[in-house]
Amino acid sequence: MTEPKPRTAATADGEAQPGEPDLLRGILLTPGYLKSLVFCALIGIPVSLAAFWFLVGMHEFGHVLWADIPHAWGWDTAPWWWPLPLLAIAGVCVGLIATHLPGGGGHIPASGLHVGGASPIVLPGVLLAAMASLPFGAVLGPEAPLIALGSGLALLFRNLARGATTPQSTALLGAAGAAAAIAAIFGNPLIAAVLLIEVAGVGGPQLFAVMLPALLSSGVGALVFTGFGRWTGLQTGSLALKLPTPFPRLDAGDVLWSLLMAVVIGAFVHLVLGTGRLTAAFVAVRTFPRTVLCALGAAGCAALYALITDRAPDDVASSGQATLSAMATDPHAWGIGALVAVLLFKGVAYALCLGSLRGGPIFPALFLGAAAGVLCAPLPGLGLVPALAAGMAASAASALRLPVSSVVLVVLLLGSSAMMPVVILAAVVAFVTTELLPSWPGPAPATPVPASSPSPAPDPTEA
């Protein structure tokens, strides 16, 4: 019996080239790539531990600032003026870091997510800026500094091990470290893989070559992160939603309202992100004073919200991660006025923080989508769970410009695929709506590099 010949593909000049399965097999059998797989698996352990302690530190510090100190001074919750001094401190610290430390404390959140190899020299500024922003009430999430932490540590370990410092190894190890950190914050390695697919934009068999180390590292990191958290009993904050089960069956009203919601939410989030990009351009001219001014503006939004609604100011301040879970558990605790107010004030504060402080765009976008879903849930024919699912998917897809990642993230948060149809429809409609709207000036958003880009994809065999 004759052995089948390897499949080949003809190039434009007629020469035969190995087919994609054979090319991928060749990459996997390369000794340098196999060594990289083992190294990336080992990277997942220290990166996930560093991410764990970083998240624990921010969670505990934020709890001290927003709960322990107000309770010690006799308040049940933080008073309405509480965000003003805290975010003033954040603005001063981030302004100093942005003007004096290498890397400026990390990239501006208004430009979107960047998954790549962060130089180890910028890590101190990135971590200090995040610690000065997030616990003090910046309307941002921790995912961007965590990605920088993961990729920076991976490259630092590569340098300590005297590994090859090629562009290919930098891309490969940076992606692996970033994946371990993303898996830590979202509690699932799947979202790390999907995010890297969309953000990195690598195609063909090299997509699998880059993704295998990232998936392996994030899987190992998730095991270490989960086990270490159970062993220590410490908390990093959870995004799990406790929704009533079983989920309702979708009907025509849920689908139709979800489509309309997606258009409106997409336009709203596009406006917020556009304002954030204008804020970034405004801050770039005179960084220190304008960073402080924008931080105080975000604090003013939280204070005004607390005065108007008689609710806690941290509904507006902070990423909204904890408030999102509380809202999903007891949505009836929010009146229509409070929902409208939190959408307006948190939207403005989000835009100001996107252009001035340091963090990531995901968590506030999810919260705004959830608040919009709870607000729309009483519409005839629309249920609470479908409204929440569609709202979060539409807002995440519009903010991140990553529709597949947004779908996977929302489904993971819901803990069920029952809402998958409205999640997909809302994400796609919101994404298309956002793309069709006029773009805003300011820092260019972080978009995936097309497979046809003239810049070559990393060759993992050179790692």
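Colleague: Which residue just after helix 15 takes a positive phi? Please walk me through that helix and what lies around it.

Modeller: Happy to! Please keep in mind that this is a predicted model. The residue you are asking about is G415, with a positive phi of about 75° just after helix 15.

Now to the helix itself. Helix 15 covers residues 403-414, which makes 12 residues. From its first C-alpha to its last, helix 15 reaches 17 Å, close to the 16 Å expected at 1.5 Å a residue. Is helix 15 mostly covered or mostly open? Mostly covered: 10 of the 12 residues are buried. Among them are P403, S405 and S406, then V407, V408, L409, V410 and V411, and finally L413 and L414.

Together with F186, Y350 and L366, V423 touches the most other members of the largest nonpolar core, which has 117 residues. Helix 14 gives this core its largest share, 12 residues. In soluble globular proteins, nonpolar side chains tend to be buried together.

That brings us to helix 14, residues 384-400, which packs against helix 13, residues 362-376. Their axes are 7 Å apart and the angle is about 145°; the crossing is right-handed. On the helix 13 side, the residues that meet helix 14 include L366, A370 and V374, while the helix 14 side includes L388, G391 and M392. The residues of this contact divide into 13 nonpolar and 4 polar, with no charged ones.

Buried residues in helix 10 include T291, V292, C294 and Y305, and their cover includes helix 3, helix 9 and helix 12. Helix 10 is followed by D310, whose phi is positive, near 60°.

Finally, the wider setting. The protein chain has 16 helices and 2 strands, and buried residues make up 51% of its 463 residues. Among contacts with a separation of 6 or more, 79% come from residues 24 or more positions apart.

Conventions
Residues are numbered from 1 along each chain as its sequence is written. This is a predicted model: local features need pLDDT of at least 70, side-chain atom pairs count only at pLDDT 80 or more; totals for chains, interfaces and linings use all residues. Side-chain values use heavy atoms; hydrogens and water are left out. Helices (H or I, at least four residues) and strands (E, at least two) are DSSP runs, numbered from the N terminus. The expected span of a helix is 1.5 Å times one less than its number of residues. Buried means under 20% relative accessible area, exposed over 50%, partly exposed in between (1.4 Å probe, protein chains only). Axes are lines fitted to C-alpha atoms, for helices over the stretch in contact, and angles run from 0 to 180 degrees between N-to-C directions. A crossing is left-handed if the near helix is turned anticlockwise from the far one by less than a right angle, and right-handed if clockwise. Contact means heavy atoms within 4.5 Å. Ala, Val, Leu, Ile, Met, Phe, Trp, Tyr, Cys and Pro count as nonpolar, Asp, Glu, Lys and Arg as charged, and the others, Gly among them, as polar. A nonpolar core is a set of buried Ala, Val, Leu, Ile, Met, Phe, Trp, Tyr and Cys residues joined through side-chain atoms within 4.5 Å.
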